[in-house]
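Here is a set of questions and answers on one protein model. Look over the fold before reading on.

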Amino acid sequence: MPDRIAPAEAPSAGRARPRVLTVASGKGGVGKSSIAVNLGITLARRGRRVCILDGDTGLANVNILLGLRPARGLAEVLAGECGIEEVLLEGPHGLRIIPGASGLREYAELSPAQQRRLVDELARIEPDFDDLLLDTAAGIGATTLDFLAAGHQVLLVLTPEPTSLTDAFSLLKLALRQQALEVRVIVNMVADVAEARSVFQRFANAAEKYLHTRVEFFGFIQRDESLRSAVTLQHPVALFAEDDPSARPFQRLADALEEDVPAPDAMPLSRFWGAHLAPEAEPPPASSAPGAEPESGAAADPAPEGAPAAAADPAISVVVDAEPSDVPDAPNAPNAPNALDALHQAFERSLREASPESLGAALDELQARYRALAAAPDRVERQSRVDTPDPRSARVESAPAATPPPDFGWRAAAAESAPVTGSGRLPGYDHERFGCQDALAERLRQRTDADLDLAAFLRRLSD
């Protein structure tokens, strides 16, 4: 069957090029990379100029799904050994692939310098493509969160497994702390559209209730043995005939993308990521404290264990004995930064001179003073300024536990379907007529009539 759509027209000057689709998941094994590859091939068959960036910079596998063996990949690009054009692989129907790094721990998370290098390289090839698919690493790594923030749209892959939903929820929660996202949910490995809608609705309800954000249903992919075989054979199902049942889900996803274009003012990937990295590239301001020690002094090695304690610990004494009213408010006290910097330096010096025993005693005193301040209502607002808990002490009150992800309705469903055990009353049993269930069961066991009429027996009990 011929391709149904002619090659895409050149985008207007006002539209970002290319459209950046970030394919993500909370956990591995949900078919994320397979979806990215098959969707990329489907778009390429329709005349789109598509590039897939394997964003799993530690365990890349997009090229493996296509049976391609790159000589060089993203690791060499980030190391400055070659340009990104030199590692581009050509796949079926003109699809281009930027292979990631595999088995290299130093590239599992990209440093700001490596991200800057990647931004500069991507900026050169962006005009050559209509769609850029970012196949991210599963999980909540910093690089994955940056890829989510850089995309125009996030295609979040779920399965009906509870771990898939809870991990995707955690990923979305962390990603939303950076910026608002346009999230489209793809439900994989379901029996039919009814199951897909049910899984999506549980996730969408939890996201709206706990994260105060809305996610959209983008499509679903049924459980299909052909997809498993295609991975083994390194022959994606999107290469089958367009009317093949295994290829139809990706045709539907491509149709949905045509109707769901990003905003005209969406920023290109390189420009967005460059702006994201700009604040990190600025050198930190130098300390304005007169006579301040160089920063390397703060990182000096502590005194060896067993060293004699100093006669006095000035910084610890200052912190322990200070009242909240002694700490000037920053807006009204221009010298507050200098005072705090000097206090920090004195504290560091005392740590290098003091023995572990004296430090423990000082921290215990700090903890006691903190509790006394926390008990005073008029000082609640200022208590954080003297909060220095002892991490070694079991008596320190820990921070509130992180809110666990929602159960997506499983516990409620289990509670409704679970039978009542023990002394609970089963629904439909008339306790007023027949009394205790255990007593009734015992009387029935004691009956020896071979021709016992159970209905008549129960009627006699209720008379």
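Helices (H or I, at least four residues) and strands (E, at least two) are DSSP runs, numbered from the N terminus. The model is predicted: local features need pLDDT of at least 70, side-chain atom pairs count only at pLDDT 80 or more, and totals for chains, interfaces and linings use all residues. Residues are numbered from 1 along each chain as its sequence is written, and side-chain values use heavy atoms, with hydrogens and water left out.

Q: Where does histidine 212 lie, and is histidine 212 buried or exposed?
A: Histidine 212 sits in the loop between α7 and β8. Its phi is near 55°, a positive value in a residue other than glycine. Buried means under 20% relative accessible area, exposed over 50%, and partly exposed in between (1.4 Å probe, protein chains only). Histidine 212 has 69% relative accessibility, so it counts as exposed.

Q: How does histidine 93 count by relative accessibility?
A: Histidine 93 lies in the loop between β3 (89–90) and β4 (96–98). It is not a glycine, yet it has a positive phi of about 60°. Because its relative accessibility is 44%, histidine 93 counts as partly exposed.

Q: Is histidine 152 buried or exposed?
A: Histidine 152 is in the loop between α5 (142–150) and β6. Its C-alpha atom is separated by 6.1 Å from that of leucine 21, 131 residues apart along the chain. The relative accessibility of histidine 152 is 11%, so it counts as buried.

Q: How many helices and strands does the protein chain have?
A: The chain has 463 residues, and 41% of them count as buried. Contact means heavy atoms within 4.5 Å. Of the contacts with a separation of 6 or more, 80% join residues 24 or more positions apart. The secondary structure comes to 18 helices and eight strands.

Q: Which residues touch the most other members of the largest nonpolar core?
A: A nonpolar core is a set of buried Ala, Val, Leu, Ile, Met, Phe, Trp, Tyr and Cys residues joined through side-chain atoms within 4.5 Å. The largest one has 33 residues. The residues that touch the most other members are Leu39 and Leu95.

Q: Which element supplies the largest share of this core?
A: Several elements each supply at least two residues, among them β1 (19–24), β2 (50–55), β8 (216–222) and α9 (248–259). The largest share is seven residues, and it comes from α1.

Q: What is leucine 95 in contact with, leaving aside neighbours within four places in sequence?
A: Leucine 95 belongs to the largest nonpolar core. Its contacts include Gly40, Ile41 and Ala44.

Q: At what angle do the axes of α6 and α7 cross?
A: Axes are lines fitted to C-alpha atoms, for helices over the stretch in contact, and angles run from 0 to 180 degrees between N-to-C directions. Helix α6 covers residues 162–176 and helix α7 residues 193–210. Their axes come within 11 Å. They cross at roughly 35°.

Q: Which residues of α7 meet α6?
A: From α6, the contact uses Leu165, Ala168, Phe169 and Leu172. On the α7 side are Val199, Arg202, Phe203, Ala206, Ala207 and Tyr210.

Q: What does glutamate 208 touch, not counting residues up to four places away in sequence?
A: Glutamate 208 lies in helix α7. At 41% relative accessibility, it counts as partly exposed. It touches Thr213 and Arg214.

Q: How many disulfides does a search of the whole structure find?
A: Cysteine 51 counts as buried at 0% relative accessibility. Cysteine 82 also counts as buried, at 5%. A disulfide is a pair of cysteine sulfur atoms within 2.5 Å. The number found in the whole structure is zero.
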